[in-house]
Amino acid sequence: MTEQEKEILYASVMKRANQKDTFGVENGMRIVAMGEGWARGELHTEVRHGNPMGIVHGGVYCTMMDQVAGSAACTRGSMCRTVNCEVRFLAAAQGAHLTSRAEAVRMGRSIAVIRAWVEDAAGAVCAEGVYTFRLKPVE
């Protein structure tokens with residue numbers, strides 16, 4: 001694939017990931033950058049992202065990591081579905097801006113393993129995980 005074809009593919013994956021009326025977008029998340037085997041997303045937290053203790057709900061971290069990891073898994077042109085995730089919650093986020101990042105650990109023909117994490121505005125890692133995806137060629 002040429003560099004131009006890759007850029008067209010990444011733009012297509014980002015457009016699909018940031019599609020209106022989807023769970024991640026409706027909850028404030030956006031994929032903002034990606035390349036071969038990696039992706040980055042952002043979210044500005046609001047009161048609705050909190051849990052009863054007043055901190056960011058763990059589901060926000062999981063959603064962010066699943067979204068960026070899935071986007072990273074699709075950077076070769078496949079569609080993907082999450083088959084497993086292992087998540088660790090490490091710290092409560094400080095500030096109103098979260099960044100999620102994902103990098104491929106292994107990209108096979110039918111399975112991708114992606115490492116993902118969420119950082120707060122100060123750069124502290126709040127959650128990390130490993131996501132496994134089943135890849136399916138786009139028809």
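**View 1. Asp-66, Gln-67, Gly-70, Ser-71 and Cys-80 lie nearest the centre of the largest pocket, which is lined by 18 residues.** The elements giving two or more residues to this lining are α1 (3-17), α2, α3 and β3, and α3 gives the most, with 5 residues. Helices (H or I, at least four residues) and strands (E, at least two) are DSSP runs, numbered from the N terminus. A pocket here is an open set of points on a 1 Å grid over the protein atoms alone, where a 1.4 Å probe fits, with protein on both sides within 12 Å along at least five of seven lines; lining residues have an atom within 4 Å of a point. The volume of the largest pocket is about 430 Å³, taken as the space filled by probe spheres set on the points, which are joined across faces, edges and corners.

The model is predicted: local features need pLDDT of at least 70 and side-chain atom pairs count only at pLDDT 80 or more, while totals for chains, interfaces and linings use all residues. Residues are numbered from 1 along each chain as its sequence is written, and side-chain values use heavy atoms, with hydrogens and water left out.

**View 2. Thr-75 sits in the loop between α3 (58-73) and β3 (78-89).** With 3% relative accessibility, Thr-75 counts as buried (buried is under 20% relative accessible area, exposed over 50%, partly exposed in between; 1.4 Å probe, protein chains only). Look for a polar atom of the Thr-75 side chain 2.8 Å from the backbone oxygen of Ala-72. Leaving aside residues up to four places away in sequence, Thr-75 touches Leu-9, Tyr-10, Met-34, Gly-35, Glu-36, Gly-37, Trp-38 and Met-107 (contact means heavy atoms within 4.5 Å).

**View 3. Tyr-61 and Phe-89 form a tilted ring pair.** Rings of Phe, Tyr and Trp (its six-membered ring) pair if their centres lie within 6.5 Å; planes under 30 degrees apart count as stacked, over 60 as edge-to-face and the rest as tilted. This rule gives 2 aromatic pairs. In the pair of Tyr-61 and Phe-89, the centres are 6.3 Å apart and the planes stand at 40 degrees. Tyr-61 belongs to helix α3 and Phe-89 to strand β3, so the pair ties together parts 28 residues apart in sequence. Tyr-61 is buried at 3% relative accessible area, whereas Phe-89 is partly exposed at 49%.

**View 4. Tyr-131 and Phe-133 form a stacked pair.** Their ring centres lie 6.4 Å apart, with the planes at 15 degrees. Tyr-131 is buried, at 1% relative accessible area, and Phe-133 is buried at 1%.

Methods. Polar contact = N/O pair within 3.5 Å; in protein donor to acceptor, adjacent residues only side chain to side chain.
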